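Subject: Handover of a structure

Dear colleague,

Please find the structure below, together with a summary of what was found in it. I would be grateful if you could read the summary with the structure open.

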Amino acid sequence: MATSKQLQFLSNDAIALDVRDGLTATPKRLPAKLFYDEIGSQIFEQITQLPEYYLTRTERSILESFAGEILQQAGPSLTLVELGAGTATKTCILIEELLQRQNRTLFYPIDVSPSALDEAVRQLGQQFPALRVNPIVADYTGGVPALGRIGGRKLVLYIGSSIGNFEPDEAVRILRRIRRTLRSGDALLLGADFAKSSKILVPAYDDAQGVTASFNKNILARLNRELDADFNLDAFRHIALWNRRVSRMEIYLESLTDQTAFLPPLDLDLTFQAGERIHTENSYKYTDAMIESILHESGFTLEQSWCDRKKWFGVHLARV
Ligand SMILES: C[S@@+](CC[C@H](N)C(=O)[O-])C[C@H]1O[C@@H](n2cnc3c(N)ncnc32)[C@H](O)[C@@H]1O
């Protein structure tokens with residue numbers, strides 16, 4: 001089997017075009033998927049351990065409390081698929097429970113980050129010798145046609161609040177594309193963050209140790225490494241804002257000065273004025289009504305939801 005390291009997924013040309021489109025637009029933006037090169041994936045793992053970043057530990061506690069119920073509800077003889085699996089650390093909770101119910105289990109983790117998938121394959125191989133792992137390096141936003149060729153009943157995990165990175169319209173389009181590759185009876189497990197006080201939300205995206213800031217700046221560092229650009233990382237600052245009107249956290253890099261960066265592959269000068277921002281990420285925070293609406297619009301029926309006691313995070317099972 002080819003390891004994911006052998007597959008070059010996001011080519012430098014594709015990245016350069018994304019960067020040109022985003023940084024010559026007004027306002028400037030960069031796609032959040034560019035965060036996840038090898039270093040970005042490692043920094044994300046550190047974020048998940050931060051005291052302020054309640055998302056991962058809250059979702060983990062829900063999975064630990066309800067893994068049996070979730071799998072019972074999903075149905076018998078499941079094949080697991082995970083969109084944006086990363087290193088699949090929380091997925092282990094479901095896999096362990098599933099292996100007690102069925103002795104043959106297949107797992108298809110999908111991610112744009114080959115290094116994160118390599119780590120997932122290594123860890124899962126050590127922990128679960130009976131599990132067969134077939135990693136797929138792909139951008140799931142356009143749908144993943146390979147899912148249509150997987151037989152049996154599928155449970156597609158889309159956890160970690162990844163859905164929150166997309167505008168609600170785009171989230172519906174992505175879920176529809178995924179739904180088209182599923183069959184009647186297949187299930188989706190969606191992990192989404194609930195709207196809550198900005199006193200909890202803002203520190204989760206702007207922690208005291210500056211780990212989230214370094215994750216955000218890594219997007220420019222990656223362009224320096226891979227495209228030979230010359231962004232001065234010290235001349236940008238990390239900003240995390242709660243936009244209550246549209247129920248999302250907004251993440252920016254703000255230029256501290258008038259400056260120019262050069263992008264050699266496109267022979268392009270990118271100019272920034274002092275105070276100008278690059279919008280690097282959104283993280284939508286959902287209500288029950290928003291969850292029901294995106295699932296319904298994308299062709300799923302919500303069957304059951306689980307959440308923690310404070311209702312900070314929710315995990316929702318929906319059927320095709
Ligand atoms: C917030 S992390 C979540 C990881 C893991 N699911 C969890 O719950 O901890 C998002 C993951 O999705 C991957 N990702 C981001 N955009 C993607 C895309 N468009 N297609 C595939 N994977 C993507 C990233 O590489 C990263 O591993």
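Helices (H or I, at least four residues) and strands (E, at least two) are taken here as DSSP runs, numbered from the N terminus. On that basis, the protein chain has nine helices and 14 strands.

Please note that this is a predicted model, in which local features need pLDDT of at least 70 and side-chain atom pairs count only at pLDDT 80 or more, while totals for chains, interfaces and linings use all residues. Residue numbers start from 1 along each chain as its sequence is written.

Confidence is given as pLDDT, the predictor's confidence in each residue, from 0 to 100. The protein chain has an average pLDDT of 94, and 97% of the residues score at least 70. Over residues 1-8, however, the pLDDT is below 50, and this stretch has eleven contacts in the model beyond near neighbours in sequence. Two residues are in contact if their C-beta atoms, placed from the backbone, lie within 7 Å.

As to overall dimensions, the C-alpha trace of the protein chain spans about 60 × 45 × 35 Å along its principal axes. Of the contacts with a separation of 6 or more, 75% are between residues 24 or more positions apart. A residue counts as buried if 20 or more other C-beta atoms, placed from the backbone, lie within 10 Å of its own, as exposed if 12 or fewer do, and as partly exposed in between. By this criterion, 39% of the 320 residues are buried.

Turning to the ligand, 20 residues surround it, the closest being Tyr36, Gly84, Gly86, Ser113 and Gly160; a residue belongs to this shell if its C-beta atom, placed from the backbone, lies within 6 Å. Helix 2 (38-48) and strand 3 (105-111) are the elements that give two or more residues to the shell.

In helix 4 (residues 91-101), the residues Thr91, Leu94, Ile95 and Leu98 are buried. They lie on the same side of helix 4, because they cover an arc of only 100 degrees around the axis, the arc being that of the directions from the helix axis to the C-beta atoms. The buried residues of helix 4 pack against helix 3 (54-74) and several strands, including strand 2 (78-83) and strand 6 (153-158).

Finally, asparagine 243 lies in strand 8 (residues 236-243). Asparagine 243 counts as partly exposed because it has 13 C-beta neighbours inside 10 Å. Leaving aside residues up to four places away in sequence, asparagine 243 touches Arg248 and Glu250.

Yours sincerely
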